[in-house]
Amino acid sequence: MQETHERVEEAGAEAVAAAPADDAPGRERARSWLLVALAAVVLLDLALFVGRGWLEEPAVRAWRTVCLAVTVQAMPFLLLGTALSGAINAFVPTRVFQRLLPRRAVLAVPVAGVAGVVLPGCECASVPVANSLIARGVTPAAAFAFLLSAPAVNPVVLTATAVAFPGSPAMVAARLLASLATAAVMGWLWLWLGRPQWLRPAVRHTGHRPGHSRLREFRDGFQHDFLHAGGFLVVGAMAAATFNVAVPQSVLETFSGSPWLSVLFLAALAVVLAVCSEADAFVAASLSGFSPVARLAFLVVGPMVDVKLIALQAGTFGRAFAVRFSAATAVVAVVCSVLIGGVLL
Amino acid sequence: MRRPAQAILLLLAGLGLLHASLWTDLCLRYVKEGMRPLLVASGALLLLLGAAEAWSSFRRRTPEGRDGQDHGDEHGHEHGHDHGHEHGHDHGHGHDHAGVPRVAWLLLLPVLSLLLYAPPALGSYTASRAAPETVSRQEHFDPLPSTSPLPLTLTDFTRRVQQDRGQAIRGRTVRMTGFVTPVRRGGGAGWYLTRIVISCCAADARSVRVRVYGAAAPPADTWVTVTGTWHPGGRLGTSSAPVAVDAHSVVKAPRPVNAYTDALPLPTTR
């Protein structure tokens, strides 16, 4: 009933929208408004007629809470990251980065990885910053090393790790080393195998251009990046909430027995849970049935690859890039944490 | 997404964050107390950004603000072409890069949810599935104060039962507050007094729980204060001892504002 009613409405509105079709953008605009209106109607219908009971199911309620929690928690860091990327775009001249980073890309990669220490935030902040770095002439390999290491090696996250694992400073050291190693290896891997055509051209970040107000450029870049990345953040939060509510505790226990499977399992869990890098140490500490190496894999993979991050990367750099890069990063991160964890833990 | 729509979205997002963090305690259902200043700052920043965008959209609509290419028509909202073009890209890529893609509309979902239909804090559904909080080891235990009933957190009670070789908890009447989580079907008698703790946001929730015997289970998710003594079993002071109480009384308690902490019970006014 409801559906046919809406279909009729849609057809009618389509005709209305098509009528003043003298300019294409006008029609497209009308259509996007129509889409929004339709979506609103459908959502309201769901909420009012079908959804009331359904939205209040315990599982759905928990899903809504977790989804909102991930979004709210990430919001300040996303703002920090996009403001920083807008500022880099508008205020920092290209030559600054040329002077700061070694000229040879092979050397620039580890330097950029270590530079990740300065961005005190979680992973949401690093994606827009890396994007604007690339646009400002930093070699992509170095920007990716920064992107990967920044959320894992900054002092806030390392302190949280030390607090979560009292009495085992080896865990902090192993996390630092394995994260830096993964970031550097991925940077070099990009130098070796990466193709520029996988990257969506970062047209937005043209830098400061003469005759334009820097403040205006900053605000435009900031606003664009925030809205864009924010939309993808919501996609990621929804995915993470789904896994968070759907993965039952009993699954965890079946995997904790085998050392090899448990490493792979916790790495996969880090990808689907998308816990913020400032909190993942506490989650890892609570997974007490697993070996230290498996928990290290959780800590190294989590800030570098997770569903929220894949959504953000797909939005910023393009889907072709996000899929290849995340898959390769996950493999490298697991190998690095097994090697370094095997020695240190 | 057109410019005025961006302004509206930014303003709403700012309002949503301020609503959750400044005017109400909603944010405590999702994140830790420590995040609040950051959320207030973010909300204010988004409001500023939205206001600036609305102001410049408005300026562009008035005749003196127009920059020539604009064919605004009589309908206010149907005006002109996307202005991102003019100051974003006049170096020709064919399509509109400055326009924010539609995916940004998704931000409306959490924002409206915060403003109109905020989901509650996590409760018994999550507690029955979340990973149990690892209670860290404590080597030295101070003697317990002599007040009776003795207010304790669920974590402290767990430690006293499973780690304190001095067995100071034996025979003591304790008082703890938490919410009710039913035991799974076939899990035996009693129910759980539960707290959910988070270290960053509700996505990393873990639960602390104490089993309660000797009192009928109130409905799930009710906040209660339980007074009782340790439920004997195993060897007290080792992990064989059950983390459980025999309840003397179960009284309804107000839901704490900051529910994601393992706090002491509030003093009762009786």
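Let me start with A:Arg64, which counts as buried because its relative accessibility is 10%, where buried means under 20% relative accessible area, exposed means over 50% and partly exposed lies in between, with a 1.4 Å probe and protein chains only. This is a predicted model, in which local features need pLDDT of at least 70 and side-chain atom pairs count only at pLDDT 80 or more, while totals for chains, interfaces and linings use all residues. Residues are numbered from 1 along each chain as its sequence is written, chains are lettered from A and ligands numbered from 1 in the order in which they are written, and side-chain values use heavy atoms, with hydrogens and water left out.

A:Arg64 sits in helix 3 of chain A, residues 58-91; helices here are DSSP runs of H or I with at least four residues, strands are runs of E with at least two, and both are numbered from the N terminus. A polar atom of the A:Arg64 side chain lies 3.2 Å from the backbone oxygen of B:Tyr117.

Now to chain A as a whole, which has 16 helices and zero strands, and in which 53% of the 345 residues are buried. Of the contacts in chain A with a separation of 6 or more, 79% are between residues 24 or more positions apart, contact meaning heavy atoms within 4.5 Å.

The largest nonpolar core holds 130 residues, and A:Phe144, A:Phe226, A:Leu227, A:Leu269 and A:Phe298 touch the most other members. Helix 3 of chain A gives the most to this core, with 14 residues. By nonpolar core I mean a set of buried Ala, Val, Leu, Ile, Met, Phe, Trp, Tyr and Cys residues joined through side-chain atoms within 4.5 Å. If we leave aside neighbours within four places in sequence, the contacts of A:Phe144 include A:Trp190, A:Leu199 and A:Phe317.

What about the packing of helix 8 and helix 9 of chain A? Helix 8, residues 155-164, and helix 9, residues 169-193, pack at an angle of about 145 degrees with their axes 8 Å apart, the axes being lines fitted to C-alpha atoms over the stretch in contact, and the angles running from 0 to 180 degrees between N-to-C directions. On the helix 8 side the contact is made by A:Val157, A:Leu158, A:Thr161 and A:Ala162, and on the helix 9 side by A:Met171, A:Val172, A:Arg175 and A:Leu176.

Chain B comes to six helices and seven strands, and 49% of its 270 residues are buried. The UniProt record, an unreviewed entry, lists residues 36-56 and 103-122 of chain B as "transmembrane region"; such annotations may be inferred rather than shown by experiment, feature names are shortened, and positions are given in the numbering used here. Residues 36-56 of chain B are 100% helix, with end C-alpha atoms 30 Å apart, whereas residues 103-122 of chain B are 45% helix and 0% strand, with end C-alpha atoms 28 Å apart.

The unreviewed UniProt entry also lists residues 170-260 of chain B as "domain: DUF1980", and over those residues the chain is 0% helix and 46% strand. B:Arg175 lies in strand 3 of chain B, residues 173-182, and counts as buried because its relative accessibility is 15%. B:Arg175 and B:Thr225 are 50 residues apart in sequence, and their C-alpha atoms are 6.7 Å apart in space.

How values were computed
A polar contact is a pair of N or O atoms within 3.5 Å; within protein, one must be able to donate a hydrogen and the other to accept it, and residues adjacent in sequence count only if both atoms are side-chain atoms.
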